[in-house]
Amino acid sequence: MIVTVTMNPAIDKTVDIDRFERGDLNRIKRVELDAGGKGINVSKTIKELGGESIAMGFVGGTSGTIIRHVLADQGIQTDFVEVKGETRTNLKVVEKNGEVTELNEPGPEVSKEQLEDLLKRLNGYAAPDTLFVLAGSIPAGIPTDIYRRITEEVHRKGAKVLLDADGPLFAESLKAVPDMLKPNRSELERYYQMDYRASEQELVSMGEKLLEHGSDMAVISLGQMGALFLTGDKRYRCPGLRVKAHSTVGAGDALVGAMAYGWNEKLPLETCIRLCMGASAGAVTSIGTKPPGRSLVDELMQQVELLEIRK
């Protein structure tokens, strides 16, 4: 079973324009609306790949109702805690050259009682065959150690955790040793307080340090340059696939979705890596934050190159 946790869901409003002109009128060529937030995007990817998950977190207001209905229409099971206030709407401005400007709202405040309600529900799903995907930002009222707390609690029941977070959330969560990690290059550089662009060798060393604390797998996404996949005894670099890109929004979430699906299906490591790369590249071609279709992922998987990194 896979449970995705989205503390701060959103309606993702993606608009296409030729070129963003700051301080001037910008005419929109196309608008796409999607139920979003990292964990929800992970659930959508899992569904497209043929798997099942339960999407959890907080929703509120009209936007929250829309998210519930959209996911239900897609056949994705949900178990959200209702909060006061309106679930946020995030604006993503995609320019013709592929550059993306994101304007994200903060989201509604969550009370202590609502947080405890969610934690109680999460514990109810925790079991040795359950993977929790903790992904994305947190709304006001949620402490930055929340992912660490969830990880510690579900670990006591034998469940696994896949973490995709940044900043204090990432740093604090590492204390509970999540089983799988998916930082991107800049997130990892910030965590290790590097003031320059890390080399591949340095990125591998930083990933290995994360594994030394007890995690089973670290995937470092590198944008169009591909990704690094590190486990206790294997290390691979996968160059990015050549695709006709629309925007990079959602590519990392698609990769995390494929990681979770691969874990649940007990796929061999190399097959899981190909799936991750295919899903991530496929997401770049989609409009808005829609996941790529399974047939496209299967096609792209055939193009994935696994280059083993020797110690």
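Modeller: One caution before we start. This is a predicted model.

Biologist: Let's begin with the sheet. In what order do the strands of the open sheet run, and what is the pairing?

Modeller: The general idea comes first. Strands of a sheet pair through backbone hydrogen bonds, either parallel or antiparallel. Here, 10 strands make up an open sheet. Read across, the order is S5-S4-S1-S8-S9-S10-S11-S12-S13-S14. The pairing is mixed.

Biologist: Which are the edge strands?

Modeller: Strand S5 (77-82) and strand S14 (307-308). Each of these two pairs on one side only.

Biologist: Take S4 and S5. In what sense do they pair, parallel or antiparallel?

Modeller: Parallel, over 6 bridges. S4 covers residues 54-59. For a landmark, find Met56, which stands opposite Asp79 in S5.

Biologist: Now the helices. Which strands does helix H2 lie across?

Modeller: Helix H2, residues 61-73, lies across S4 and S5. Its angle to S5 is about 165°. Then look at helix H8, residues 251-264. H8 lies across S1, S8, S9, S10 and S11. Relative to S9, H8 runs at about 170°.

Biologist: How should I read the nonpolar side chains?

Modeller: In soluble globular proteins, nonpolar side chains tend to be buried together. In this model, the largest nonpolar core has 45 residues. Among those with the most contacts inside that core are Met7, Phe58, Leu122, Phe132 and Ile150. Ile150 touches Met7, Leu119, Leu122 and Leu134, leaving aside residues up to four places away in sequence. Another core, of 36 residues, lies apart from the largest one. Leu241, Leu255, Leu275 and Ala281 are among its members.

Biologist: What about pockets? Which residues lie nearest the centre of the second largest pocket?

Modeller: Met180, Met217, Gly262, Trp263 and Leu267, out of 14 lining residues. The volume of this second largest pocket is about 240 Å³. H8 and helix H9 (269-285) are the elements that give two or more residues to its lining. H8 gives the largest share, 3 residues.

Technical notes:
Residues are numbered from 1 along each chain as its sequence is written. This is a predicted model: local features need pLDDT of at least 70, side-chain atom pairs count only at pLDDT 80 or more; totals for chains, interfaces and linings use all residues. Side-chain values use heavy atoms; hydrogens and water are left out. A nonpolar core is a set of buried Ala, Val, Leu, Ile, Met, Phe, Trp, Tyr and Cys residues joined through side-chain atoms within 4.5 Å. Buried means under 20% relative accessible area, exposed over 50%, partly exposed in between (1.4 Å probe, protein chains only). Contact means heavy atoms within 4.5 Å. Two strands pair if DSSP finds at least two bridges between them. Helices (H or I, at least four residues) and strands (E, at least two) are DSSP runs, numbered from the N terminus. Axes are lines fitted to C-alpha atoms, for helices over the stretch in contact, and angles run from 0 to 180 degrees between N-to-C directions. On a 1 Å grid over the protein atoms alone, a cavity is a set of points where a 1.4 Å probe fits but cannot get out, and a pocket is an open set with protein on both sides within 12 Å along at least five of seven lines; lining residues have an atom within 4 Å of a point. Grid points are joined across faces, edges and corners, and a volume is the space filled by probe spheres set on the points.
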